[in-house]
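Hello,

Here is the structure we talked about handing over. Please open it alongside this email, and the notes below will take you through what turned up.

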Amino acid sequence: MISTDNNIFTENTTMNNTPNNFQNRKIQRILLVSPAYTLYYKDVRRCLPPLGLISLAAFLEKEGYELNILDVATEGYYNVVQDGEYVTYGLGEEDIKKRIREFAPDIVGVSCIFSTQSDNATNIFRIAKEINPKIITLTGGSHPTYSAEETLANKNVDYVVLGESELPALQLLNALNAGEEDLSKIGGLAFREQKTGEIKINRNQQYISDLNELPLPAYHLLNMERYFQINVPQNPYPLGKRVAQLVTSRGCSARCVFCTTTNFWGNRYRGRSTEHVLKELRHLKDKYNIDEIQFTDDNLTLNKKRALEILEALKEMKLKWCLPQGVAVWALDEELLIKMKESGCYQLTFAIESGNQYVLSKLIKKPLILDKVKPLVKKANELGIQLHAFFICGIPGETKEQMYETFEFARDCEFQSASFFTATPLVGSELLKICRDKGYLREGFTGKEVFYKVGNINTPEWTAEEVQELTAKFTQEFNQKDTREKHFGKEKY
């Protein structure tokens with residue numbers, strides 16, 4: 001087995017062995033699939049475009065490959081099946097089979113961002129192989145990245161791309177078309193040896209240093225009108241009717257224990273240039289007539305100069321916008337808040353996590369000083385920017401008293417709304433390792449039950465059920481005066 005912790009950052013986005021004659025390729029047609037979603041029944045059933053897939057699709061299209069995308073959850077958004085406390089929504093099996101047969105792909109690539117999607121992704125692999133055993137199957141996303149060996153134990157899965165997908169996916173396609181047998185040198189790829197069946201994992205993941213080299217995402221492969229019609233984006237209470245999502249950066253400089261994205265994107269912040277971001281914004285406005293943009297990366301403000309440039313351009317575009325994924329509060333100041341309001345910002349989410357500084361700094365390891373929060377909240381309220389906040393309870397080492405401190409801190413800050421989540425041991429997170437090492441995981445935990453409102457951690461101080469009940473109580477009590485339902489409709493609440 002190949003295993004290395006080194007990461008490769010490269011300026012090159014193409015490979016020298018790209019076949020020049022596209023018609024002679026053995027592998028040409030690629031279907032990328034975003035599978036059905038499974039959620040806790042109290043969660044909002046969102047409708048989000050698969051941003052990772054349309055980035056990969058555009059990258060491969062640029063190299064002459066023929067792409068199609070199937071967003072199972074969106075196409076089957078109103079097909080909802082409940083199983084106990086969980087609901088799954090998306091196209092049924094026959095519809096999936098029909099779409100695969102119609103496109104007749106050489107490769108079916110399935111995104112599996114969350115462990116809660118893993119069974120739904122597995123279903124796609126089975127369907128593809130049943131239709132045609134010669135279809136090559138490929139998967140990527142957070143879950144298979146951190147569970148590569150387990151994923152490849154499924155004989156219907158041929159390859160796993162680890163972390164950022166563009167470079168290893170392209171190199172794999174080119175190698176297969178060139179008839180190369182040794183794939184071990186492709187960084188960020190896991191596979192089974194054809195002769196021995198041995199699973200090999202090359203964790204020497206590859207990352208594109210200059211994101212400006214990426215083409216604009218392949219929005220043309222999505223049914224964009226479907227997203228506009230359903231209109232339940234990341235912030236499910238949008239002001240706009242034609243809302244798009246956009247990511248401006250990859251990576252994060254923080255190392256929060258509950259998060260997996262830091263390792264996934266290479267432990268390094270990479271921001272697209274202002275002009276590259278604006279090019280995508282103009283494309284979305286000109287082609288799809290969007291009236292709102294939701295930024296879905298965590299670090300819009302990390303590079304202040306770039307952020308101010310983007311905000312100045314947004315002012316001229318007259319788009320409403322929000323930041324629902326969570327702004328890096330440690331990289332926020334009053335000047336940025338003022339510019340945000342002037343540029344059309346109506347909502348921000350402050351990812352605070354804890355109202356106790358010890359828990360925040362020593363247990364969660366988030367680089368935020370709580371004394372900074374209240375002045376920023378006060379300024380945002382003065383400007384008329386709606387504020388939502390994220391908090392997490394149940395980190396090992398945290399006491400119940402400290403959880404109540406978090407609730408009181410949230411109330412003192414005067415956020416308009418807040419979400420209190422149970423600490424969730426995501427596959428690939430430091431939190432999961434801590435819980436495994438200490439024997440804190442709930443009995444029967446497999447990694448597929450990682451819903452943010454469900455308790456999975458037991459410690460000597462409290463049980464998973466107690467934290468789950470406490471966060472539900474905090475969320476209900478805090479949001480009694482939440483006005484979003486009144487303004488934006490009960491069906492999304």
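**Loop and strand residues with positive phi**

Lys318 sits in the loop between H11 and E17. Please keep in mind that this is a predicted model. Lys318 is not a glycine, yet its phi is positive, at about 55°. Its relative accessibility is 71%, so Lys318 counts as exposed.

Glu353 belongs to strand E18. Is Glu353 buried or exposed? At 5% relative accessibility, Glu353 counts as buried.

A glycine with positive phi turns up in a hairpin. Strands E5 (residues 80-83) and E6 (residues 86-89) pair in the antiparallel sense, over 4 bridges. Gln82 stands opposite Val87 in E6. The hairpin has 2 residues between its strands, and Gly84 takes a positive phi near 65° there.

**The open sheet**

Next, look at the sheet of 6 strands. It is open, its pairing is parallel, and its order is E13-E16-E17-E18-E19-E20. Which strands stand at the edges? They are E13 (243-246) and E20 (417-422). Each has a single partner strand, so one side of each is left without a neighbour in the sheet. On average, neighbouring strands of this sheet are turned by 15° against each other, direction ignored.

Now go through some of the pairs:

- E13 and E16 are parallel and pair over 4 bridges. Leu246 stands opposite Phe295 in E16.
- E16 and E17 also run parallel, joined by 3 bridges. Ile293 has Trp321 in E17 as its bridge partner. The chain crosses from E16 through H11 to E17, and this β-α-β crossover is right-handed.
- E17 (residues 320-327) and E18 (residues 345-353) run parallel, with 4 bridges between them. Leu323 stands opposite Leu348 in E18.

E16 is covered on both faces. Glu292 and Gln294 are buried on one side. Ile293 and Phe295 are buried on the other.

Then follow the chain out of E16. Thr301 lies in the loop between strand E16 (292-295) and helix H11 (304-317). How much relative accessible area does Thr301 have? The value is 2%, so Thr301 is buried. Leaving aside residues up to four places away in sequence, Thr301 touches Ala307, Val327, Ala328, Ala331, Leu332, Leu336 and Met340.

**The nonpolar cores**

In soluble globular proteins, nonpolar side chains tend to be buried together. Here, the largest nonpolar core has 125 residues. Which of them touch the most other members? They are Trp321, Leu348, Phe350, Ile352, Val373 and Phe415. Helix H1 (residues 51-62) gives the most to this core, with 8 residues.

There is also a second, separate core. It has 26 residues, including Val33, Ala36, Val110 and Leu152.

Leu348 is worth a look on screen. It touches Trp321, Leu323, Leu337, Met340, Ile385, Gln386, Leu387 and His388, again not counting residues up to four places away in sequence. Two names there have come up before. Leu323 is the residue opposite Leu348 in the pairing of E17 with E18. Met340 is also among the contacts of Thr301.

**Cysteines**

How many disulfides are there? The count comes to 0. The cut-off used is 2.5 Å between cysteine sulfur atoms.

Take Cys259 to begin with. At 22% relative accessibility, Cys259 counts as partly exposed.

Then take Cys345. Cys345 has a relative accessible area of 2%, so it is buried.

Best wishes

Technical notes. Residues numbered from 1 in each chain as written. Predicted model: local features only at pLDDT ≥ 70, side-chain atom pairs only at ≥ 80, totals over all residues. Heavy atoms only, no water. Pairing = 2+ DSSP bridges. Axes fitted to C-alpha atoms, helices over the stretch in contact; angles between N-to-C directions. Core = buried A, V, L, I, M, F, W, Y, C linked by side-chain atoms within 4.5 Å. Buried < 20%, exposed > 50% of the residue type's maximum accessible area, 1.4 Å probe, protein only. Contact = heavy atoms within 4.5 Å. Right-handed = clockwise from strand over helix to strand, strands pointing away.
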